[in-house]
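Here's a quick briefing to read alongside the model. Have the sequence and the 3D view open as you go.

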Amino acid sequence: METSLHTDALARFGHALSDPTRTQILLSLRTEPRYPSDLADRIGVSRQILSNHLACLRGCGLVVAVPEGRRARYELADPRIARALEDLLGLVLAVDPACCASSETEGCC
């Protein structure tokens, strides 16, 4: 039986994935924890923009900051998130491998 808790949880996950920068952050963190400066360089955004997206992802409960002295590294809040991202990516590509290429012209996504 679905509850509002289930709906809210999936809506938060959908919100996180609705932005390409947040999606890149999550995909980067699925393999290993990273420092914000490394993530910003890897993704190609400013540290301020990255910080805003990390705050959103923390608020959604998908990432956590792990203090290391004066720095903090970020990692997925639960290892199952990495598996869910892998499964979701595999499903999307299996259902329609051209979806990303055609979505801009067809307006499907």
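Helices (H or I, at least four residues) and strands (E, at least two) are DSSP runs, numbered from the N terminus. On that basis, the elements of the chain run α-α-α-α-β-β-α-α from the N terminus on. That gives 6 helices and 2 strands in the chain.

A word on ground rules: this is a predicted model, where local features need pLDDT of at least 70, side-chain atom pairs count only at pLDDT 80 or more, and totals for chains, interfaces and linings use all residues. Residues are numbered from 1 along each chain as its sequence is written, and side-chain values use heavy atoms, with hydrogens and water left out.

**The chain overall**
- Of the 109 residues in the chain, 28% are buried (under 20% relative accessible area; exposed is over 50% and partly exposed is in between, with a 1.4 Å probe and protein chains only).
- The chain exposes about 7200 Å², and carbon and sulfur atoms supply 55% of it (areas by the Shrake-Rupley method with a 1.4 Å probe).
- Take the contacts (heavy atoms within 4.5 Å) with a separation of 6 or more: residues 24 or more positions apart account for 48% of them.

**Where H2 meets H4**
- The axes of helix H2 (residues 20–29) and helix H4 (residues 47–59) come within 10 Å and cross at roughly 75 degrees. Axes here are lines fitted to C-alpha atoms over the stretch in contact, and angles run from 0 to 180 degrees between N-to-C directions.
- H2 and H4 are therefore roughly perpendicular to each other (65 to 115 degrees; under 35 is roughly parallel, over 145 roughly antiparallel, and the rest oblique).
- From H2, Thr21, Arg22, Ile25 and Leu26 meet Leu50, His53, Leu54, Cys56 and Leu57 in H4.
- The residues of this contact split into 6 nonpolar, 2 polar and 1 charged (Ala, Val, Leu, Ile, Met, Phe, Trp, Tyr, Cys and Pro count as nonpolar, Asp, Glu, Lys and Arg as charged, the others, Gly among them, as polar).

- His53 is buried, with a relative accessible area of 13%. Not counting residues up to four places away in sequence, His53 touches Asp19, Thr21, Arg22 and Ile25.
- Cys56 is in contact with His15 and Arg22, leaving aside neighbours within four places in sequence. Cys56 and His15 are 41 residues apart in sequence and 9.3 Å apart in space, C-alpha to C-alpha.

**The hairpin**
- Strands S1 (residues 63–68) and S2 (residues 71–76) pair in the antiparallel sense over 6 bridges (pairing takes at least two DSSP bridges).
- Ala65 has Tyr74 in S2 as its bridge partner.
- The hairpin has 2 residues between the strands, and Gly69 takes a positive phi near 65 degrees.
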